[in-house]
Amino acid sequence: MNEKKGTEKIAELEKLLKEQQQNARLLVRRDLELSRANEKLQEFDEIKSNFISVVAHQLRTPLSGIKWTLNMLLNGDLGPLNNDQKTFLIKSYESNNRMITLINDMLDTDRIQSGKMHYGFRYINIIDLLDNVLFEISPEATKRNISIEFKRKLENLPQVYIDPETMRAVFQNLLENAIKYTIEGGKIILDAEQVKNMLQISINDNGIGIPEDQKKKVFERFFRGRNAILRETDGSGLGLYIAKTIVEKNGGIIWFESKENNGTTFYFTVPIKIEDVKKN
Ligand code: ADP
């Protein structure tokens, strides 16, 4: 009787072992299938990334050409224009510019996601960079009757260690947003102060603000506030996602304070040159 039981147990164990071996083989096969699927996905991702890059560059070239021609027309280089002609040309110029911005946002997002964004860090005077962006953007502010002012003199700011190209895009985006989402006749105030070993820049506007229940999503890709969509139908919702990635890669942080219908302040920090930190 005992001998029979023992044989039965052995048979049971053998069956279990067989089942386990089968399961193990199945797992190995699944693992292999998953690895292959992953490789395929990476391949598709690379194809998608190349596709975006090629299409975006192909679109950007003629748009830049159109921008250049419209600029010449608007400057009167090809003869005088009457007011109606000017109004329509300005509209075309703005639409063209929006398309260029959208394409640049697409390219930047793709570069970020595929790890192809390049950063060339060096010591710079951030005031030069801020001035440069301000110079380019002020016609848009003037057109909307929005004033931009520095809270205090920024000449003696310490040098910072950043990648000027990418940080320029951040400042440009924050300033463009401040203009876009501020009502005619509004006011934008810029400030900069040293906080420990970082330089903190702020851009304050008295515009439409960000709805309380949507604040968590502001830095997400493709997010656009419901009040923003009503005011500015165009926009990719990519600018702040790009800005956050860039600021963090430059060693800083970005955040905001906002109240709907009252205004918004965006802050970002960048690292100060070590020698300059000690001086201050
Ligand atoms: P876009 O401006 O193309 O919509 P962004 O990523 O730059 O995309 O901004 C995302 C959203 O954040 C905007 O759609 C808007 O809802 C909100 N936002 C950004 N800046 C401001 C601002 N200064 N005032 C009010 N809302 C803002």
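Modeller: K143 forms a salt bridge with E94, and their closest N and O atoms are 1.9 Å apart. The model is predicted.

Colleague: Why is the K143 and E94 pair called a salt bridge?

Modeller: The cut-off is 4 Å between a Lys or Arg side-chain nitrogen and a carboxyl oxygen of Asp or Glu. The closest N and O atoms of K143 and E94 lie 1.9 Å apart. That is within 4 Å, so the pair counts.

Colleague: What makes this pair a tie between parts of the chain?

Modeller: K143 lies in helix α3 and E94 in helix α2 (residues 83-113), so the bridge joins parts 49 residues apart in sequence.

Colleague: Why are K143 and E94 called partly exposed?

Modeller: K143 has 45%. E94 has 21%. Both therefore count as partly exposed.

Colleague: Which residues form a network of salt bridges?

Modeller: E94, E140, K143, R144 and E232 are linked in that way. The count of salt bridges comes to 15.

Colleague: How do you know that R226 and D213 form a salt bridge?

Modeller: Their side chains meet at 2.6 Å, N to O. The limit is 4 Å, so they qualify.

Colleague: Where do R226 and D213 lie?

Modeller: R226 is in helix α5 (residues 226-231), and D213 is in the loop between β5 and α5. The pair therefore ties together parts 13 residues apart in sequence.

Colleague: What separates E33 and R30 along helix α1?

Modeller: About one helical turn, because they are 3 residues apart in helix α1 (residues 2-74).

Colleague: What makes helix α4 largely enclosed?

Modeller: 12 of its 17 residues are buried, so the rest of the structure largely encloses α4. Among the buried ones are P164, M167, F171 and L175. Helix α4 covers residues 164-180 and reaches 24 Å from its first C-alpha to its last, close to the 24 Å expected.

Colleague: Why is T166 called buried?

Modeller: Buried means under 20%. T166 has 6% relative accessibility, so T166 counts as buried. T166 sits in helix α4.

Colleague: What does the side chain of T166 make with the side chain of D163?

Modeller: A polar contact, at 2.5 Å. Beyond its neighbours within four places in sequence, T166 is in contact with M117, H118, Y119, I246 and N250.

Colleague: Which residues have the most contacts inside the largest nonpolar core?

Modeller: I126, L175, I203 and F268, in a core of 44 residues. Elements giving two or more residues to this core include α3, α4, β5 and β7. Leaving aside neighbours within four places in sequence, the contacts of F268 include M167, V170, F171 and L174. Another core, of 5 residues, lies apart from the largest one, and A56, L63, I100 and L107 are among its residues.

Colleague: Where are the domains?

Modeller: The chain is divided into domain 1 (1-117) and domain 2 (122-276). Their centres, taken over C-alpha atoms, are 28 Å apart.

Colleague: How many residues of each domain are in contact with the other?

Modeller: 10 residues of domain 1 are in contact with 12 of domain 2.

Methods
Residues are numbered from 1 along each chain as its sequence is written. This is a predicted model: local features need pLDDT of at least 70, side-chain atom pairs count only at pLDDT 80 or more; totals for chains, interfaces and linings use all residues. Side-chain values use heavy atoms; hydrogens and water are left out. Helices (H or I, at least four residues) and strands (E, at least two) are DSSP runs, numbered from the N terminus. The expected span of a helix is 1.5 Å times one less than its number of residues. Buried means under 20% relative accessible area, exposed over 50%, partly exposed in between (1.4 Å probe, protein chains only). A polar contact is a pair of N or O atoms within 3.5 Å; within protein, one must be able to donate a hydrogen and the other to accept it, and residues adjacent in sequence count only if both atoms are side-chain atoms. Contact means heavy atoms within 4.5 Å. A nonpolar core is a set of buried Ala, Val, Leu, Ile, Met, Phe, Trp, Tyr and Cys residues joined through side-chain atoms within 4.5 Å. Domain bounds come from an automatic or database domain assignment.
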